Amino acid sequence: MISFIERFIQRTRNPSFKFDQHILNRVFLTFLFERLICWIRGLIFKIYSGKNGRVFIGRGVVIKNPSLLRFGSNLTVGDYCLFQSLRMDGVVLGENVSIGAWTRIISSCNMSDSVGSIQLGDNVGIGEYSYLNGAGGLTIGNDTIIGQYFSAHPENHRFDEPALIRKQGVDRRGILIGKNCWIGAKVTILDGVVLGDGCVVGAGAVVNKSFGEGLVIGGVPAKIIRRRGCISG
């Protein structure tokens, strides 16, 4: 059975996948049972929403307005995630997307202004306890992997006037994260940032400006540490 499941994963998700030989049979069976339960939840969701594609859903997942969610095959959603969209195409997920437990994916929550969208490419992985806001538009490219406690905020409150900040409105420029990036745990990305393909962002960084392709960045605020394949200094 292990070899059968291994071949299935290789065919549908990762051609180089191999189970560790040190994993005990009872551990494997527990994993298989949990995965089966997630598949059943996904099947119920598909029947209810009329969606297609293989999907695995963990415990306590909330998908508000499920008919508005678009996703490709092999979507995995961890326990207690929340999805919210107020319009069609507000949340669009590619093939083989994995969403970590307790993550919030909210394209818009304002009934007077439903603009905003979140688009994740193929083979994107989002770590646990992340917060993805789509108010000004959030796009994450194919094959990008992101650590725990990530947050993206594609809007910013105006505050120049001495009046109440909450009445001054917001600016929205959007966030674009390129393909094949690795973003570490507890990274925050702010409105207007364009992150080039192949970038690596160190854990805990606050990214408040745009960076080109193939860079390693980190810090608060984030700055260039080196170019991938090169040693700084």
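This is a predicted model: local features need pLDDT of at least 70, side-chain atom pairs count only at pLDDT 80 or more; totals for chains, interfaces and linings use all residues.
Is Trp102 buried, exposed or partly exposed? Select it and see: Trp102 is partly exposed, with a relative accessible area of 38%.

**Stop 1: the aromatic rings**

Tyr80 sits in the loop between S4 and strand S5 (82-84), while Trp102 sits in the loop between strand S7 (98-99) and strand S8 (104-106), so the pair ties together parts that are 22 residues apart in sequence. Tyr80 is partly exposed too, at 32% relative accessibility.

Now select Tyr129 and Tyr149. This aromatic pair is also stacked, at 5.1 Å centre to centre and 5° between the planes. Tyr129 belongs to the loop between strand S10 (125-126) and strand S11 (131-133), and Tyr149 to the loop between strand S13 (145-146) and strand S14 (151-153), 20 residues apart. Show the four residues together: ring pairs link Tyr80, Trp102, Tyr129 and Tyr149 into a cluster.

**Stop 2: the nonpolar core**

Next, select Phe83 and Leu120. Of the 42 residues in the largest nonpolar core, these two touch the most other members. Several strands each supply at least two residues of this core, among them strand S1 (55-57), strand S9 (118-120) and strand S23 (215-218). Zoom in on Phe83 to find its contacts, including Val62, Leu69, Val91 and Ile105.

**Stop 3: an open sheet**

Switch to a cartoon view and follow seven strands in the order S2-S5-S8-S11-S14-S19-S22, an open sheet with parallel pairing. Strand S2 (62-64) and strand S22 (206-207) stand at the edges with a single partner strand each, so one side of each has no neighbour in the sheet. Pick Thr188 to find its bridge partner in S22, Val206.

**Stop 4: Thr76**

Select Thr76 in strand S4. Thr76 is buried, with a relative accessible area of 14%. Its side chain makes a polar contact with the side chain of Arg35, at 3.1 Å. Other residues that Thr76 touches include Arg13, Phe56 and Val97.

**Stop 5: helix H2**

Finish with residues 25-49, which make up helix H2. From first C-alpha to last, its 25 residues reach 36 Å, close to the 36 Å expected at 1.5 Å a residue. Among the buried residues of H2 are Phe28, Cys38 and Phe45.

Note on methods. Residues are numbered from 1 along each chain as its sequence is written. Side-chain values use heavy atoms; hydrogens and water are left out. A nonpolar core is a set of buried Ala, Val, Leu, Ile, Met, Phe, Trp, Tyr and Cys residues joined through side-chain atoms within 4.5 Å. Buried means under 20% relative accessible area, exposed over 50%, partly exposed in between (1.4 Å probe, protein chains only). Helices (H or I, at least four residues) and strands (E, at least two) are DSSP runs, numbered from the N terminus. Contact means heavy atoms within 4.5 Å. Two strands pair if DSSP finds at least two bridges between them. A polar contact is a pair of N or O atoms within 3.5 Å; within protein, one must be able to donate a hydrogen and the other to accept it, and residues adjacent in sequence count only if both atoms are side-chain atoms. The expected span of a helix is 1.5 Å times one less than its number of residues. Rings of Phe, Tyr and Trp (its six-membered ring) pair if their centres lie within 6.5 Å; planes under 30 degrees apart count as stacked, over 60 as edge-to-face and the rest as tilted. Lists of a residue's contacts leave out its neighbours within four places in sequence.
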